[in-house]
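This briefing goes through one protein chain by topic.

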Amino acid sequence: MANKVLFDPIQVEVWRHLLAAIAEEMGATLERTAFSPNIKERLDHSCAIFDAQGRMLAQAAHIPVHLGAMPLMLRQMLGRVTWRRGDMWICNDPRIGGTHLPDLTLVAPVYAPSPPHGMHIGRARRVGFVASRAHHADIGGMSPGSLPLSNELFQEGLILPPVRLVRRGRLQEEILALICANSRTPMERRGDLSAQIAANETGIRRFQALLGRSGEAMFATRTRENIAYAEAAIRQTLSKLKPGVYFAADVLDSDGAGAKNIPIYVTATVPGDGAIQFDFTGTASQVKGSLNATLAITRSACYYVVRCLVEEEIPNNEGCFAPIEVIAPEGTIVNARFPAAVAGGNVETSQRIVDVLLRALAPAAPERIPAASQGTMNNVTIGGYDSIRARPFSYYETIAGGAGASAQCAGASAIHTHMTNTRNTPIEALESHYPLRITELSIAEGTGGQGDHLGGNGVIRRIELLVDAHVALLTERRDHPPYGMNDGADGTLGSNTLQTPGGESRILPAKWHGDCPAGTLISIQTPGGGAWGAPRKPTLD
């Protein structure tokens with residue numbers, strides 16, 4: 001049993017950092033060499049390393065929604081791809097561990113360093129893999145930004161099954177040209193994919209250097225120990241939860257295609273032996289709109305919630321997943337069948353899954369589980385032709401909101417929460433890159449729930465179009481507020497507003513798209529987080 005293993009805590013800690021440093025340096029390379037603000041400024045990417053069997057050894061602290069998705073994709077690719085030294089394979093297919101089409105994953109095998117007299121390429125030993133996943137601001141589809149109000153996957157952009165982008169160290173220009181030809185911003189795609197290649201090359205070098213210093217036998221021993229340690233830590237955390245069977249439900253506002261109040265149900269079974277099961281049976285069937293989640297997304301949300309329960313720092317690796325069983329019936333909104341539209345499942349349904357899981361686990365750990373955070377990423381995409389810079393543009397942003405309060409403290413204001421871990425695009429970078437002007441970015445005071453510990457406040461972000469453009473909004477928590485916990489009040493709903501150049505204002509639906517003239521103002525007020533505990537009654541001195 002994993003929890004019976006005796007660990008050398010010093011070596012576990014040393015190797016946790018050694019392995020994580022590879023993924024973190026990959027992320028730094030990607031960030032510094034990327035072309036688009038979405039990757040360079042918002043850090044909408046993740047990097048990870050794997051052993052030769054496809055087990056995740058480390059993932060940098062990047063995007064939680066990618067936590068279980070990249071391992072699932074790599075396992076799917078292992079039997080489909082012929083791996084060779086110097087190759088890199090690209091994929092975004094939701095049937096193969098993809099989340100949504102803008103997330104392009106680039107995987108490279110890592111081979112043991114050649115001996116002094118060289119080694120025949122066919123006999124090289126594969127010792128692992130490195131992978132980078134980045135959200136590209138446009139990968140084609142029916143509207144700029146590739147997060148449309150779609151009804152099927154084919155409307156969302158270019159679908160890439162595993163395709164070799166780099167062959168024996170040489171970029172396959174025809175594959176790159178195909179990807180760029182399907183994007184409204186081809187130079188961005190070329191620049192960002194070049195950055196992913198550079199990140200993977202960094203990972204390969206660092207992986208081989210670590211292997212060269214430690215030797216393969218020591219490397220295998222220490223990585224096995226790190227995986228076992230992570231599993232033991234997760235099991236220990238789960239064993240402290242109150243045993244029982246816990247049920248919770250919540251709803252998505254709408255799918256933008258007619259469905260409303262879409263339920264997500266989960267039954268969390270905590271046997272008390274260091275394991276946990278999440279069963280989504282009864283959840284709504286997949287919908288016509290784009291809120292359908294892939295199994296990779298649902299697994300990532302479950303892994304994220306359990307990982308958050310661990311109080312100490314532990315490795316992020318395959319061991320974290322072993323004690324967690326996920327039952328997500330195929331054909332539901334948490335495990336949709338191809339060719340369901342999935343653009344919003346990655347960004348919105350993932351957030352609601354987290355809300356439902358936390359609500360279910362609250363009775364098992366009442367002092368540990370916070371109230372609901374804003375529960376949406378408030379996706380905004382704006383695109384068209386930039387007549388100022390004489391080029392097409394595609395802007396994508398997720399907007400921060402309020403965090404849920406906990407038994408220990410108030411919720412943070414103006415912060416990205418749960419399945420997104422990105423930054424906002426700095427105003428200076430945004431205005432220098434796009435034909436847009438930010439006329440307001442402020443905290444929406446009083447939007448957090450009221451209680452013993454207040455929910456965090458949302459934000460107001462107001463964007464002025466300087467050219468004619470197409471705007472699409474994919475948002476949630478406009479009808480159903482983030483819940484409070486332990487008698488704390490709910491957070492405030494978010495809202496979307498459009499003001500025409502003539503000064504006329506109107507409230508926009510949670511899911512909306514349309515062509516807007518220059519001078520239009522788009523205002524997004526994001527939800528506040530729920531409060532924890534009933535408000536305290538004032539006492540007389």
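Strand 17 (residues 495-499) and strand 18 form an antiparallel pair with four bridges. Two strands count as paired if DSSP finds at least two bridges between them. Strands (E, at least two residues) and helices (H or I, at least four) are DSSP runs, numbered from the N terminus. The model is predicted: local features need pLDDT of at least 70, side-chain atom pairs count only at pLDDT 80 or more, and totals for chains, interfaces and linings use all residues. Residues are numbered from 1 along each chain as its sequence is written, and side-chain values use heavy atoms, with hydrogens and water left out.

**Thr526, after strand 20**

- Thr526 sits in the segment that follows strand 20 (521-525).
- Thr526 counts as buried because its relative accessibility is 0%; buried means under 20% relative accessible area, exposed over 50%, and partly exposed in between, with a 1.4 Å probe and protein chains only.
- Its side chain reaches two backbone atoms: the oxygen of Ala400 at 2.8 Å and the nitrogen of Val459 at 2.8 Å.
- Not counting residues up to four places away in sequence, Thr526 touches Gln374, Asn378, Ile399, Ala400, Gly401, Gly458, Val459 and Gly494, a contact being heavy atoms within 4.5 Å.

- Seven strands make up an open sheet in the order 2-1-5-4-3-6-7, paired antiparallel.
- Strand 2 (56-59) and strand 7 (170-171) are the edge strands, each pairing on one side only.
- Helix 1 (residues 9-33) packs on this sheet and touches strand 1 (45-51), strand 2 and strand 5 (126-135). The direction of helix 1 makes about 145° with that of strand 1.
- Helix 4 (residues 173-181) also packs on the sheet, touching strand 3 (88-91), strand 6 and strand 7. Its direction makes about 130° with that of strand 6.
- Strand 6 (residues 163-167) and strand 7 run antiparallel and are joined by two bridges. The bridge partner of Val166 in strand 7 is Leu171.

**Gly145, between strands 5 and 6**

- Gly145 belongs to the loop between strand 5 and strand 6.
- With a relative accessibility of 0%, Gly145 counts as buried.
- Leaving aside neighbours within four places in sequence, Gly145 is in contact with Pro102, Ala137, Asp138, Thr381 and Ser394.
- Gly145 and Arg133 are separated by 12 residues in sequence and by 17 Å in space, C-alpha to C-alpha.

**Two hairpins that share strand 9**

- Strand 8 (residues 244-254) pairs with strand 9 (residues 260-270) over 10 bridges in the antiparallel sense. Tyr246 is opposite Ala268 in strand 9.
- Strands 8 and 9 form a hairpin with five residues between them, and Gly256 in the turn has a positive phi of about 80°.
- Strand 9 also pairs antiparallel with strand 10 (residues 276-279), over three bridges. Thr269 has Gln277 in strand 10 as its bridge partner.
- The hairpin of strands 9 and 10 has five residues between the strands; Gly272 in this turn has a positive phi of about 90°.

**Whole chain**

- The secondary structure comprises nine helices and 20 strands.
- The protein chain is as compact as a globular protein of its length, because its radius of gyration of 23 Å is close to the 24 Å that the globule rule gives for 541 residues. The radius is taken over C-alpha atoms, and the rule is 2.2 Å times the number of residues to the power 0.38.
- The C-alpha trace spans about 75 × 60 × 45 Å along its principal axes.
- Of the 541 residues, 61% are buried.
- Among contacts with a separation of 6 or more, 73% are between residues 24 or more positions apart.
- The chain exposes about 20200 Å², of which carbon and sulfur atoms supply 52%; accessible areas come from the Shrake-Rupley method with a 1.4 Å probe, and for residues only the protein chains shown count as cover.

Key. Axes fitted to C-alpha atoms, helices over the stretch in contact; angles between N-to-C directions. Polar contact = N/O pair within 3.5 Å; in protein donor to acceptor, adjacent residues only side chain to side chain.
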